[in-house]
Amino acid sequence: MPVKIESDASTPEEEMTSSLEMEMTSLTIQLLSLTQNLVTAKLRMEATAKTGWMLLAKARYVSPGGPSSISRLQLPSSESDKEVIATKRILTEECMQGNTKVRYFHHTFEERRSAAPAESGVKQRKNVEKKEASEEEKHVTKQQEPLKWFGVLTPPALKQAQAHFVHATETALDCANIQSEMVGVQNRIKYIQRIKQKAEKEKKETIENLDSKFSTNLTLVD
């Protein structure tokens, strides 16, 4: 009686398909997790911004100068001498996850860098320049404080509102990073789907060619 022997060896195509399916499952779970993180971050940003607006309204209400002392009239414009200089800037870097091949852009805040100290050999030559730069830096730092636009003695609620708006801005950057990572995961999923479709199409064409070849060489023996 013939014995049927089953082989556990798999072809390279089957191994590649299995690996792609496992990666697809992992990416799908990661995409769901990122979606939940994005919803949580947006809710946190909404709550923080809402608290900031409430504190801003409180600051306008308790301000000694009245609501008009904390309004858009104090904001810098093209006709005013107030200069607005950003203390932070956004640095964007392209990243790739270690366990997967997901590529995305990561955004971070970069603090304003201070001037590097002068070398000992040129200290005397740069004394005047350092003094002028120091005075200019102090002047710019003073103008960079937005609370000073609304007077010297501002309500504490105004400073609290500022802190909440800063935190909301940082949370917005977190949302942008999560969305960027989600786009990278989605692009990777689409790439895997294209590879699987191409492999399935080639496999189907190979089977059809074999069937056609067998049908052509098939002969009937009486």
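Q: In this predicted model, which residue in E2 is the bridge partner of Ile90?
A: That's Phe109.

Q: And what does Glu94 pair up with in E2?
A: The bridge partner of Glu94 there is Phe105.

Q: What makes E1 and E2 count as paired strands?
A: Pairing takes at least two bridges between the strands. Strand E1 (residues 88-96) and strand E2 (residues 103-111) have 9 bridges, in the antiparallel sense, so they pass as a pair.

Q: How many residues sit between E1 and E2 in their hairpin?
A: There are 6 residues between them.

Q: Moving on to Leu31, which helix does it lie in?
A: Leu31 belongs to helix H1, which covers residues 12-62.

Q: Why is Leu31 called buried?
A: The cut-off for buried is under 20% relative accessible area. Leu31 comes in at 18%, so it gets the label.

Q: What is Leu31 in contact with, leaving aside neighbours within four places in sequence?
A: You'll find Met182, Val185, Gln186 and Ile189 on that list. Contact here calls for heavy atoms within 4.5 Å.

Q: How far apart are the C-alpha atoms of Leu31 and Gln186?
A: They're separated by 7.7 Å, while along the chain the two residues are 155 residues apart.

Terms used:
Residues are numbered from 1 along each chain as its sequence is written. This is a predicted model: local features need pLDDT of at least 70, side-chain atom pairs count only at pLDDT 80 or more; totals for chains, interfaces and linings use all residues. Side-chain values use heavy atoms; hydrogens and water are left out. Helices (H or I, at least four residues) and strands (E, at least two) are DSSP runs, numbered from the N terminus. Buried means under 20% relative accessible area, exposed over 50%, partly exposed in between (1.4 Å probe, protein chains only).
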